[in-house]
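Please view the structure below alongside the text.

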Amino acid sequence: MSSTISHLTREFVLTRSYESRSATIGIIAIGLLIVLLAQKELARGSRTPRSLRVLDVAIGPLVVMFFVIVTVRLLHLVR
Amino acid sequence: MSSGVEAAALPLAKFGRLRLVALASLATVGGAEALLVLVGPLAAAVVDAALLLALALAAHLLERRAGAHEAVRATGTLAVLMLLPLLRLLSLVMPVRGASELGWYALVGVPLLLAVVLAARTLPPEWTAQAMFRRPARLQAAIALTGIPLGLVAYLILRPAELVRSAEPTRLVAGSLVLVVFVGFTEELLFRGLLQRVLRELFGSAGIALAAAVYAVSAVGSLSAGYVLFAGVTGLFFGWCVARTRALLGVCLAHGLLAIGFVLAWPLLWG
């Protein structure tokens with residue numbers, strides 16, 4: 001156990017299906033990703049490259065999360 | 001520390017607005033962790049997502065109002081603060097039940113490490129110039145070895161179940177590598193390398209205690225007051241080591257050894 005995987009997160013993963021988690025918290029994360037991508041596009045003309053990089057701090061990992069969610073759900077569908 | 005980097009720090013008065021934003025963010029992270037325990041993961045995720053969005057907007061506003069030099073510091077600080085809600089969102093969504101529990105650390109750790117690298121790129125270059133390997137190797141090795149007894153203490157407090165059922169060498173080596181990279185290095189780069197760095201810039205020496213407090217709060221998911229206290233004391237010790245030696249390598253390895261002992265070694269040897 002660590003800050004990343006605690007007793008509570010472990011219980012949450014083991015007691016809830018991936019469909020349930022991705023349809024609740026996953027949706028929140030994907031919604032956040034869409035808002036941040038829109039914010040980045042809107043701000044592209046008016047902000048410095050450095051400040052746009054701040055948005056990338058959240059956008060990069062959320063994109064990885066998005067692809068994991070889609071891949072796992074597709075695999076569940078195929079099975 | 002009396003480095004040139006710290007000598008170049010702005011007077012505290014100029015940080016007023018940024019300090020308020022940082023304190024509000026840390027309080028919100030604490031609130032989200034409390035919600036995780038008291039209400040559930042969904043409530044915590046909503047608060048963490050809202051905080052991420054608020055920090056992104058705050059970066060925009062602070063940049064417009066601050067001068068060019070201050071804007072670099074402000075945006076960098078906010079980028080580092082974004083890592084905390086991001087950590088929790090990733091830990092709730094990324095683990096997949098079909099993967100091994102050791103694999104969960106990698107699933108959460110890969111995007112988190114990516115975020116840490118992206119956040120480091122937003123900081124002033126002199127802040128991230130702190131070399132990991134330039135301090136005396138013997139001292140860093142001594143710091144690293146403290147991870148062994150710390151791992152035993154953590155195990156005795158929580159007594160986690162075995163993640164590897166038998167002492168199969170391949171699994172132990174692979175598991176150890178995952179824990180060193182995605183727990184030891186990733187968490188230390190986040191909490192001591194970046195968070196403590198920006199909090200020290202804002203609050204002076206109190207930044208070490210603040211970073212340790214945030215680290216302890218992130219352990220409330222263990223549901224053990226003893227473990228939260230242990231995390232706080234360990235965070236203070238690691239923070240002090242980094243402040244004294246100005247190097248991260250020792251604490252990264254110590255944290256890795258702590259995690260290996262806690263999750264892999266001590267459950268096999270003691271359990």
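About how much space lies in the largest cavity? The answer is about 110 Å³. The model is a predicted one. Its count comes to 3 cavities of 30 Å³ or more.

**Largest cavity.** The lining has 15 residues. Nearest the centre lie Ser2(A), Tyr215(B), Tyr227(B), His255(B) and Leu258(B). In chain B, helix H8 (169-203), helix H10 (225-245) and helix H11 (249-270) each give two or more residues to this lining.

**Second largest cavity.** About 70 Å³ of space lies here. Which residues line the second largest cavity? Val29(B), Glu33(B), Leu84(B), Leu87(B), Arg88(B), Phe191(B), Val214(B), Val217(B) and Ser218(B) do. Helix H2 (16-38), helix H4 (68-93) and helix H9 (206-217) of chain B are the elements that give two or more residues to the lining of the second largest cavity. H4(B) has the largest share of that lining, with 3 residues.

| Cavity | Volume | Nonpolar | Polar | Charged |
|---|---|---|---|---|
| Largest cavity | about 110 Å³ | 10 residues | 4 residues | 1 residue |

Definitions and conventions:
Residues are numbered from 1 along each chain as its sequence is written. Chains are lettered from A and ligands numbered from 1 in the order in which they are written. This is a predicted model: local features need pLDDT of at least 70, side-chain atom pairs count only at pLDDT 80 or more; totals for chains, interfaces and linings use all residues. Side-chain values use heavy atoms; hydrogens and water are left out. On a 1 Å grid over the protein atoms alone, a cavity is a set of points where a 1.4 Å probe fits but cannot get out, and a pocket is an open set with protein on both sides within 12 Å along at least five of seven lines; lining residues have an atom within 4 Å of a point. Grid points are joined across faces, edges and corners, and a volume is the space filled by probe spheres set on the points. Helices (H or I, at least four residues) and strands (E, at least two) are DSSP runs, numbered from the N terminus. Ala, Val, Leu, Ile, Met, Phe, Trp, Tyr, Cys and Pro count as nonpolar, Asp, Glu, Lys and Arg as charged, and the others, Gly among them, as polar.
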